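Hi everyone, thanks for making time. I'd like to walk you through one model today, so let me bring it up on the screen.

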Amino acid sequence: MPNLHYYRYVAPNEKIPYNEQIFLQGWNLIENHPLFGKLLGHIYLKQKYTYDADSAAIVDNKGNIYINIYCKKKTSEWFYIIAHCLLHLAFGHFDKDTIPSDVYAGNTIETKLALWNKACDIYITRFLMDIQIGTPTCDDPSNDYTIKLSSEEKIYRHLLSLHEDGTLQPYGTTSHSHMDMAGLAHPNEYKNNESNSYAAQFYYSISHLTSETLSDVGGHVYDKNKNTPVLKAARWFMGNFPLLGSMAASYKIIEDYSLCIRNEIEIAAVDAIRGEIYINPTCGFSEEEWKFVLAHEFLHAGLMHHKRCQGRNAYLWNIACDYVINGWLHEMRIGIMPSKGLLYDEELKSLSAETIYDKIIKDLKKYSRLNTFRGYKKGDILADELPTFGGLHEGVRLDEFYRNVLREGLDFQMERGRGFLPEGLIEEIYALSMPVIAWDVKLGKWFDTYFPPLEKHRTYARPSRRQSATPDIPRPRTVLCEIDEKNRTFGVIIDTSGSVSTRELGMALGSIASYAVAKDVPFVRVVFCDANAYDAGYLSPEDIARQVEVKGRGGTILQPAVNLLERANDFPNDAPILIITDGFIEENLYVHHEHAYLLPKSGKLPFHTKSPIFYFE
């Protein structure tokens, strides 16, 4: 059954007037449009409000659109006019929560209502011109206004500042003497669980259209008539849960039993890089259970768990993330927890994935053989197993897409006050939406903890010759404390095995040299190491930055280098040590000094450490 309703009884053998035929052609364009044809509204060809020859249509706060077919318009103009009226409803222009509160204050309510109507008309006009719908019945409003026409309230404030008297303009669907929005004096209010059905239907239509478009681009045949519990659950997010609505619209959901058998997927799995969720349709889950499963996979992708593994065991990291996500979904009451593949523990629900992972690796016997939604001892995050995805929002980096879609969904969800969101989830989304701190910036902060700025001391030693013009006036100067300067050093152990490329070493050494100069570190103790340790002694930062002749290139054992440096008589007991390696080292490394590790992005240590680890690309 169509959402838009057109009320016009045509008697048998009745000849439809020419003007009405033109309107009906425009109506057919609306009815068959993939977006506007799904909106809500009621079209009447009758006169309820006072018309003049130039007024084409009026929409009221009940969702009724009254058409003046005697207004001479072209087919494409009628298409534009009906779309304009439908957007008044879809954008919530009659809602009390949308209309600025000061519209109903003071003695000039009628004027302010007219200005609000005008602001909404200008906003819709720009929207329709941007998406090129029909033939506009007015000029571009950006020619008359210098401000950015980005929101109705912003335009309304600007009109107020211009002290306009409420005279209407040709941006609406009526003449200068009429408002095209009737019933503004009695705005719509929604209580309890009520909501604006016109806005909800518009949001769903946009999401539905996006799904079709992305499916077509990806070569996936979109079956409009398919109505499985999984797709019903996905559409629920588009219309009812803004936080994950855009994720649901952007993802391709593949229900393919044979594909799941080949990839050993018992229930579901997600490939965040391809933008696909794989569903095993033989599970027999209800729609509510699929809501929980889909939200679980959306959050895996949106929170970029596939990238945050950072050298950890992929399966155990997946387990840790599952505990966190399922705890959040339980608090949010999204769907129903399935009986299979669920990992949930009350004691872990308030912890981060990183903290849970640290707990898991201390009890591998308990946690290494658990079920995920993919199956026994298999993670449901497939990002590292399949080819790179290239169809999601072409021209936008995948990381940027995930950060933006979750942050915008969160803002919309909080603005509308829909549902409960756990504090931990909100914090993660805000953290991910912030620009990523580069590894060298993190390394610089680590240096800051050990090398604060040198204090300058006053001295009345022999004054500078530049003060000879006033030799009778003693003038102090500042010098760096010699003791402080001599104690400012750190050690660098460099893994020179064949698995660390010269380019990677050059990048790491260049950054270290830059920070050493910036922190007033005069010399750095350098030790090269593969199967044996080679003491290069103290080097100035400038020497480190130059091409250093690397000795060795054998198997990697770093403990001799650590022992050499810690036992050296000329190396301070409190000096920190930075270890540069690719991670292919012995399984245990004992370092007594404060230390940190610098690894390539793909590297990982064979042991757990509480010391900082910096990854560079």
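This is a predicted model: local features need pLDDT of at least 70, side-chain atom pairs count only at pLDDT 80 or more; totals for chains, interfaces and linings use all residues.

The chain has 617 residues, and 49% of them count as buried. Its secondary structure comprises 19 helices and 16 strands. If you take the contacts with a separation of 6 or more, 67% of them come from residues 24 or more positions apart.

How do helix 1 and helix 2 pack? Helix 1 covers residues 18-31 and helix 2 covers residues 75-90; their axes are 8 Å apart, at an angle of about 55 degrees. That angle makes helix 1 oblique to helix 2. The crossing here is right-handed. On the helix 1 side, the contact includes Ile-22, Phe-23, Trp-27 and Ile-30, and on the helix 2 side the residues include Trp-78, Phe-79, Ile-82 and Ala-83. By class, this contact has 10 nonpolar and three polar residues, with no charged ones.

While we are in this region, have a look at Phe-36. You'll find Phe-36 in the loop between helix 1 and strand 2. Is Phe-36 buried or exposed? Its relative accessibility is 0%, so Phe-36 counts as buried. Phe-36 and Ala-83 are 47 residues apart in sequence, yet their C-alpha atoms are 6.8 Å apart in space.

On to the second pair. Helix 3, residues 109-131, packs with helix 4, residues 152-161, at an angle of about 130 degrees, and the axes are 8 Å apart. Helix 3 is therefore oblique to helix 4. This crossing is right-handed. From helix 3, the residues involved include Lys-112, Lys-118, Trp-116 and Tyr-123, while helix 4 brings in Glu-152, Glu-153, Tyr-156 and Leu-160, among others. The class count for this contact is 10 nonpolar, no polar and four charged residues.

Next, let's jump to helix 19, residues 559-567. Which of its residues are buried? They are Gln-559, Ala-561, Val-562, Leu-565 and Glu-566. These residues cover an arc of only 160 degrees around the axis, so they sit on the same side of helix 19. What do they pack against? The partners are strand 11, strand 12, strand 13 and strand 14.

Met-304 is not a glycine, and its phi is positive, near 55 degrees. Met-304 lies in the loop between helix 9 and helix 10. With a relative accessibility of 6%, Met-304 counts as buried. Arg-333, also not a glycine, has a positive phi of about 60 degrees. Its place is the loop between helix 10 and helix 11. Arg-333 counts as exposed, because its relative accessibility is 74% and the cut-off for exposed is over 50%.

One last stop is Ile-261, in helix 8. With a relative accessible area of 48%, Ile-261 is partly exposed. Ile-261 and Asn-280 are 19 residues apart in sequence, and 8.4 Å separates them in space, C-alpha to C-alpha.

That's my tour, and I'm happy to go back to any part of it.

Terms used. Residues are numbered from 1 along each chain as its sequence is written. Side-chain values use heavy atoms; hydrogens and water are left out. Buried means under 20% relative accessible area, exposed over 50%, partly exposed in between (1.4 Å probe, protein chains only). Helices (H or I, at least four residues) and strands (E, at least two) are DSSP runs, numbered from the N terminus. The arc is that of the directions from the helix axis to the C-beta atoms. Contact means heavy atoms within 4.5 Å. Axes are lines fitted to C-alpha atoms, for helices over the stretch in contact, and angles run from 0 to 180 degrees between N-to-C directions. Angles under 35 degrees count as roughly parallel, over 145 as roughly antiparallel, 65 to 115 as roughly perpendicular and the rest as oblique. A crossing is left-handed if the near helix is turned anticlockwise from the far one by less than a right angle, and right-handed if clockwise. Ala, Val, Leu, Ile, Met, Phe, Trp, Tyr, Cys and Pro count as nonpolar, Asp, Glu, Lys and Arg as charged, and the others, Gly among them, as polar.
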